[in-house]
Amino acid sequence: GVITNTGGAVRVQTLPGQENYPAVNANGIQSQVLSRWASSFSVTAGTKDTALEAVGRSVSTARPATGKRPKKTLDKKAGNKDCKADIAFLIDGSYNIGQRRFNLQKNFVGKVAVMLGIGTEGPHVGVVQASEHPKIEFYLKNFTAAKEVLFAIKELGFRGGNSNTGKALKHTAQKFFSLENGARKGIPKIIVVFLDGWPSDDLEEAGILAREFGVNVFIVSVAKPTTEELGMVQDIGFVDKAVCRNNGFFSYQMPTWFGTTKYVKPLVQKLCSHEQMLCSKTCYNSVNIGFLIDGSSSVGESNFRLMLEFVSNVAKAFEISDIGSKVAAVQFTYNQRIEFSFTDHVTKEKVLSAIRNIRYMSGGTATGDAISFTTKNVFGPVKDGANKNFLVVLTDGQSYDDVRGPAAAAQKAGITVFSVGVAWAPLDDLKDMASEPRESHTFFTREFTGLEQMVPDIIRGICKDFLDSKQ
């Protein structure tokens, strides 16, 4: 953009092709073009660095300050909500690629970033440059608007050195996705590795480490190694060993850095296909846990509170969100009451507050009926979802009806049952309800205060079952 200073007023002309970049003049005045057709420009005075910082703050809420902005930019700010992902672009900055192709790579990454629909509630991206030593260029939290990301990518300098991609991949998996650097809970973590030719170090070990951290690794290989270069490649099958799963979905081949525009959309579609992000699925963000809580008269108000505390402490361990884990609660006596279902609350805060607000019913104990009711009405609506289903039954006494049939039906419907008994709950009932192996799914304590010690065991049990189901 060209900035002309006419008597103290700053006028900005946008040149074709530069519509999306903030322009900075010699005095460090930066103008940001909101969109191609916008007539208003925000001018930030000060040095280039502080101007960048001003636009680069992480925005924690999607609500703009009142009266500051026209309503219509709201959606743009929120970004593409259907593509929630935290993405690190690991770009090749080695002598392999060279300055000219490095610039073409930046251009391609910029196009991918824009098409993803970056925004506060959409995808967040950051960039790491692989060279002799990896360098995190910017984090997920630094920019939440596409034009800021585009500008930051354009400003990246070429580092040179060997393409130690394995080293950079390890560094990114360990350091990039921390909560303080802007990673969000329950949202797929993705590293897109751009490789020009071949890596000069081992990628397999780095790929294993990334999987342990719950990261989906994609490899975009450009310009396969030539015949004479193949002798330098440590492991010809490096792509399949480094990606999240070697099912073909996580690798992407481009013949050259020239004319790459047609490759942007197919890559973006992959990065937004969340149901295929198998590596970011952990037990913490991929389960539905239903709690069936005994509200019979023998429990009493203060013990009922201890039961709710137990439920809260188990729920607290999981990453609850619209695309993560979900929690539901049913209270039962002779009757059943859905306190809240899986789709009622999509944040942990709301779930915990809903648990706190459960009112004690008081009445009889028909546990079998309650299991049947919960299987049909609470798990029925989510039975075709991607999350694995768990039911935790909490009871303090003998059931008046049969529990064996309803529990078997629940298990047949794909629900893993944990039974937690307190005080007078008979061990036979508890075992009859629990999933196999019964010993590890049955819990008992004499006193309600003993529930607290069981929390870690229940969480561990859920995670073990989740992992076993994925093998």
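Visitor: Which domains does the lining of the second largest pocket draw at least three residues from?
Guide: Domain 2 (86–276) and domain 3 (287–469) each give at least three residues to that lining; the domain bounds come from an automatic or database domain assignment. This is a predicted model, where local features need pLDDT of at least 70 and side-chain atom pairs count only at pLDDT 80 or more, while totals for chains, interfaces and linings use all residues. Residues are numbered from 1 along each chain as its sequence is written, and side-chain values use heavy atoms, with hydrogens and water left out.

Visitor: Thanks! What volume does the second largest pocket have?
Guide: About 520 Å³. Here a pocket is an open set of points on a 1 Å grid over the protein atoms alone, where a 1.4 Å probe fits, with protein on both sides within 12 Å along at least five of seven lines; lining residues have an atom within 4 Å of a point. The volume is the space filled by probe spheres set on the points, which are joined across faces, edges and corners.

Visitor: And which lining residues are closest to its centre?
Guide: Of the 21 lining residues, those are Arg245, Leu278, Lys281, Phe466 and Lys470.

Visitor: Which helix supplies the largest share of the lining?
Guide: That is α16, with five residues. Helix α6 (204–212) and α16 (451–470) each supply at least two. Helices (H or I, at least four residues) and strands (E, at least two) are DSSP runs, numbered from the N terminus.

Visitor: New topic: how many salt bridges are there?
Guide: The count comes to 12, taking a side-chain nitrogen of Lys or Arg within 4 Å of a carboxyl oxygen of Asp or Glu. One of them joins Asp196 and Arg101, at 2.9 Å from N to O. Asp196 is in strand β9 (residues 189–196) and Arg101 in helix α3 (residues 98–116), so this pair ties together parts 95 residues apart in sequence.

Visitor: Is Asp196 buried or exposed?
Guide: Asp196 is buried, at 3% relative accessibility, whereas Arg101 is partly exposed at 29%. Buried means under 20% relative accessible area, exposed over 50%, and partly exposed in between (1.4 Å probe, protein chains only).

Visitor: What about Asp457 and Arg460, where do they lie?
Guide: Both are in helix α16, three residues apart, about one turn of the helix. Asp457 is partly exposed at 34%, and Arg460 is exposed at 55%.
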